[in-house]
Structures are given as C-alpha cells and as structure tokens.
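Q: I have a protein open and want to go through it piece by piece. Can you help me read it?

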Amino acid sequence: MTTAPGPDTARTVFLNCPFDRQYEPLLDAIVFTCVHAGFFPLIASSSGSVAAPRLERILTSLAGARFSIHDLSRCHGEGDENLARFNMPLELGMAMAIRGVPADGPTGHDYLILVPDEAHAHQRFISDLSGLDLYLHDHTPQVVSARVLKWLVSLPEAPTFLSPKTVLPKLVFFGDAMNELRQEWRGGPPPWRAIIEAAERIAAE
C-alpha cells in the first residue's frame, strides 16, 4: 500500500478562524484561495487525531506550519451573556510566540491577521496590534479571498502569481462542492483530504 505524499511544509498555512455555519462561506474562500495559490491549508482537526487535547493539537499544528491566517472578526459579544470569541486571539498569541522563537532556521513563522472593516474597531478591542499590517475585510467571501490572495502571492514561497480575476469566479464552484461534501457526510465536517482534493480539482479547471 502506498502513502500519499504529505504537504510541502514550506507552504503550509494554519487557519485560525471560526468554525460555525455562519462563517462557512468565508472558511471555504480561505481554503480554496490557499490551495489555488499553491499553499496547503490545515486546521487543528485536519490530522484526524482526536486523542490529544484540542489546545495541544492547535499548538502542534501551528508549530509545524510555516504560515498562519488569523481572522479576529468575531470581536462582538454574542448570546444572552454578550460574550466575544477569545479562541482566535489566543491562537494568534501562540503564533506570535512561535515567530519570536523560530525553531527551524531563520525563516521562523509568518502570519496574516484579518480584522473587520468597521471603523477600525480593532484599534479598540486589540490595540496591542498597532503597528502591524492588518488586512481589513467586510465579511464577504470575495473580499476575504482577495485579501488572503494578496498576502499569499507576495510571499517569497509563492510558487506562482494569481490575480483575483482567476480565483474569485471559482469560489461559487468550490462552495457548491463543499455543500455536496457536507451533505455526503451528513452535515458534519468532511475529511480534510476530501476538502483539499475538491479545491485542487476546481483550481485546475
């Protein structure tokens, strides 16, 4: 039995974002954009391991990735208790710590931070990020994809250059493929390998 080759670790991208139904179109856009640009996205659960605690899986995945994308747009309170999401800032802090202590040579870890385009709200809820180049978006798949693509194609590791004209029209086809996969897996998250294969197929069309 042969084993499928693993991703090129020089172009792995850890995704730190919400994983709920409302965010699904944006997550799909990020995943597809990464794959189309020649990078390999991953999340903490993409390895299939469920024995290790979630925080351990997150840190292991982050440490093994060359890049990461962090969406801090869930900054508003939710529910009866009006609580905001703190998992995303926590994982961004992990990525910043990894970058500060690179373990695999001079390249270290690099990351993209996405924030909501709401009168620079990030300056109020996470002011310590002042001075960093943050990418603002309007919660639409097209804009999120364009922001992610701009960052990816600017990296030295980018294998090719793509413009939004090439990527954005295919988002709807990948969204349809993801809806089919979610139905096939009875509404649950499909295996990560199936997601990546669908993205590769549509990117090649």
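A: In helix α1, the buried residues are Glu24, Leu26, Leu27, Asp28, Ala29, Ile30, Val31, Phe32, Thr33, Cys34, Val35 and His36. Buried means under 20% relative accessible area, exposed over 50%, and partly exposed in between, with a 1.4 Å probe and protein chains only. This is a predicted model, in which local features need pLDDT of at least 70 and side-chain atom pairs count only at pLDDT 80 or more, while totals for chains, interfaces and linings use all residues. Residues are numbered from 1 along each chain as its sequence is written, and side-chain values use heavy atoms, with hydrogens and water left out.

Q: How many residues of α1 are buried, out of how many?
A: 12 of its 13 residues are buried, and α1 is mostly covered.

Q: What counts as a helix here?
A: Helices (H or I, at least four residues) and strands (E, at least two) are DSSP runs, numbered from the N terminus.

Q: Now salt bridges. How many are there?
A: The structure holds 8 salt bridges. The term means a side-chain nitrogen of Lys or Arg within 4 Å of a carboxyl oxygen of Asp or Glu.

Q: Why would such side chains pair at all?
A: Side chains of opposite charge can pair when their charged atoms come close.

Q: Which residue pairs with Asp28?
A: Arg182 does, with the closest N and O atoms 2.9 Å apart. Because Arg182 lies in helix α7 and Asp28 in helix α1, this pair ties together parts that are 154 residues apart in sequence.

Q: Are those two buried or exposed?
A: Both Arg182 and Asp28 are buried. For Arg182 the relative accessible area is 11%.

Q: What about Glu24?
A: Glu24 also meets Arg182 in a salt bridge, at 3.6 Å from N to O.

Q: Which residues make up the network?
A: Salt bridges link Arg21, Glu24, Asp28 and Arg182 in a network.

Q: And which residue pairs with Glu157?
A: Arg66, with 3.2 Å between the closest N and O atoms. Glu157 is in the loop between α5 (141-154) and α6 (164-167), and Arg66 is in the loop between α2 (54-64) and β3 (67-71), so the pair joins parts 91 residues apart in sequence.

Q: Last one: how much of the whole protein is buried?
A: Of the 205 residues in the protein, 45% are buried.
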